[in-house]
Amino acid sequence: MSIRESLADLIRVSGWRAEAFGSALKFLERPHVPVPSCVILDLRLPDLSGFELQQRIAAERNEMPIIVLTGCSDVPIVVRAMKAGATEFFTKPCNDEELLTAIGRALEASRTKLGHEAELLALRRRHESLSGREREVMALVVTGLLNKQIGFELGISEITVKAHRGRVMRKMEAHSLADLITMAARLGLRRH
């Protein structure tokens, strides 16, 4: 049995799902499913280098932490792998318990990242549901302007600003001005 298959068995026995790929291209051919996951990567692969695959994963699947497990342990390679985003680096043979602990941490980090991405997507959708005028009002509200000032800036009445502001709060599901400001910051909104 190959090291790859015995490692997959160890992971399965520990209660996680494991897939083993014989090459970087085989891994990349598999459709990406955004679920909590991690990659245990050997830097020596038959097609792409481990570093090339690491770059592709970082660019295309950034919620997927990378644990490097390789036979090469010279310092420049370790530094390069860590700088490229590896969360852990192990040399073969490694301690099973330490590797399983690292996998657990990586899966939790992936779960957290996916959760944040889902929240941000929902927030973007709520923001997109605002009318153009509501977006203008929101952008001015989060700068700290009063309704009267917003009305002056947009050329509308204070009562109209209050109505738009109420719809913004409802649609954005903001419970307070502080919530709305936090949401605007997460969305990267800036006043033009």
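Modeller: Let us start with Ala 184, which is buried, with a relative accessible area of 4%. Please keep in mind that this is a predicted model.

Biologist: Why is Ala 184 called buried?

Modeller: The word applies under 20% relative accessible area, and Ala 184 has 4%, so the residue is classed as buried. Ala 184 lies in helix α9, and, when residues up to four places away in sequence are not counted, Ala 184 touches Met 138, Val 142 and Leu 189.

Biologist: Which residues of α8 are buried, and what puts them on the same side of the helix?

Modeller: The buried residues of α8 are Val 161, His 164, Val 168, Met 169 and Met 172. Around the axis they cover an arc of only 140 degrees, which puts them on the same side of α8. They pack against α5, α6, α7 and α9, whereas the face turned away from the buried side carries Ile 159 and Arg 170, which are exposed.

Biologist: Why are α8 and α9 called roughly perpendicular?

Modeller: Their axes come within 11 Å and cross at roughly 65 degrees, and angles from 65 to 115 degrees count as roughly perpendicular, so α8 and α9 are placed in that class. The contact is made by Arg 165, Val 168, Met 169 and Met 172 of α8 together with Leu 177, Leu 180, Met 183 and Leu 187 of α9. The crossing of α8 and α9 is left-handed.

Biologist: What makes you assign the buried residues of helix α3 to the same side?

Modeller: In α3, which runs over residues 50-60, the buried residues are Gly 50, Phe 51, Leu 53, Gln 54 and Ile 57. These residues cover an arc of only 160 degrees around the axis, and therefore lie on the same side of α3. What covers them includes α2, β1, β2 and α4, while Gln 55 and Ala 59 are exposed on the face turned away from the buried side.

Definitions and conventions: Residues are numbered from 1 along each chain as its sequence is written. This is a predicted model: local features need pLDDT of at least 70, side-chain atom pairs count only at pLDDT 80 or more; totals for chains, interfaces and linings use all residues. Side-chain values use heavy atoms; hydrogens and water are left out. Buried means under 20% relative accessible area, exposed over 50%, partly exposed in between (1.4 Å probe, protein chains only). Helices (H or I, at least four residues) and strands (E, at least two) are DSSP runs, numbered from the N terminus. The arc is that of the directions from the helix axis to the C-beta atoms. Contact means heavy atoms within 4.5 Å. Axes are lines fitted to C-alpha atoms, for helices over the stretch in contact, and angles run from 0 to 180 degrees between N-to-C directions. Angles under 35 degrees count as roughly parallel, over 145 as roughly antiparallel, 65 to 115 as roughly perpendicular and the rest as oblique. A crossing is left-handed if the near helix is turned anticlockwise from the far one by less than a right angle, and right-handed if clockwise.
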